[in-house]
Amino acid sequence: LLKSSGERDAGGNKKLADVGPWLRDQLLWYFRKMQKPLTIKYIDPTYAIRAVPANANDSVYCSVLAQDAVHAAMAGYTGIVVGKVDERFVMLP
């Protein structure tokens, strides 16, 4: 569906294609075909993810998520994601 540019970021990782503009274009195309009005305002999420430097709370949070992810993997769970729901760390399918 989407082709990568083949470029690499500062860490040496492959830059992946951006799905946001592609999804916007696909939705606009579909609604145009169905003759339905649609307005989409796409905001690049990279600017909304984090606007301040990480602090000690972030470090603890990431550490607990990592430990829970390893625990789930060692227990043989697949197809899950770890997260925090109502102040509890959980494994979600």
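**Salt bridges, a helix and a nonpolar patch**

The side chains of Lys 84 and Glu 87 join in a salt bridge, N to O at 3.5 Å. The term covers a side-chain nitrogen of Lys or Arg within 4 Å of a carboxyl oxygen of Asp or Glu. This is a predicted model: local features need pLDDT of at least 70, side-chain atom pairs count only at pLDDT 80 or more, and totals for chains, interfaces and linings use all residues. Residues are numbered from 1 along each chain as its sequence is written, and side-chain values use heavy atoms, with hydrogens and water left out.

Stay with Glu 87. This residue sits in the loop between β1 (81-85) and β2 (88-92). Strands (E, at least two residues) and helices (H or I, at least four) are DSSP runs, numbered from the N terminus. Glu 87 counts as exposed because its relative accessibility is 67%. Lys 84 is partly exposed, at 38% relative accessible area. The cut-offs are under 20% for buried and over 50% for exposed, with partly exposed in between (1.4 Å probe, protein chains only). The C-alpha atoms of Glu 87 and Val 52 are separated by 22 Å. Along the chain, these two residues are 35 residues apart.

How many salt bridges does the rule give? The count is 2. Arg 24 forms one with Asp 25. Their closest N and O atoms lie 3.3 Å apart. Arg 24 is partly exposed, with a relative accessible area of 26%. Asp 25 is also partly exposed, at 41%.

Now take the helix α1. It has 15 residues, which should span 21 Å at 1.5 Å a residue. The expected span is 1.5 Å times one less than the number of residues. Just after α1, Gln 35 takes a positive phi of about 55°.

The surface also carries a nonpolar patch. Val 19, Leu 23, Leu 27, Leu 38, Ile 40 and Tyr 42 make this patch, of about 450 Å². Patch residues have over 30% relative accessible area and no salt bridge; nonpolar side chains (Val, Leu, Ile, Met, Phe, Trp, Tyr) are joined within 5 Å, like charges within 9 Å. Accessible areas come from the Shrake-Rupley method with a 1.4 Å probe; for residues, only the protein chains shown count as cover. Where is Tyr 42 placed? Tyr 42 lies in the loop between α1 (19-33) and α2 (56-74). Tyr 42 is partly exposed, with a relative accessible area of 32%.
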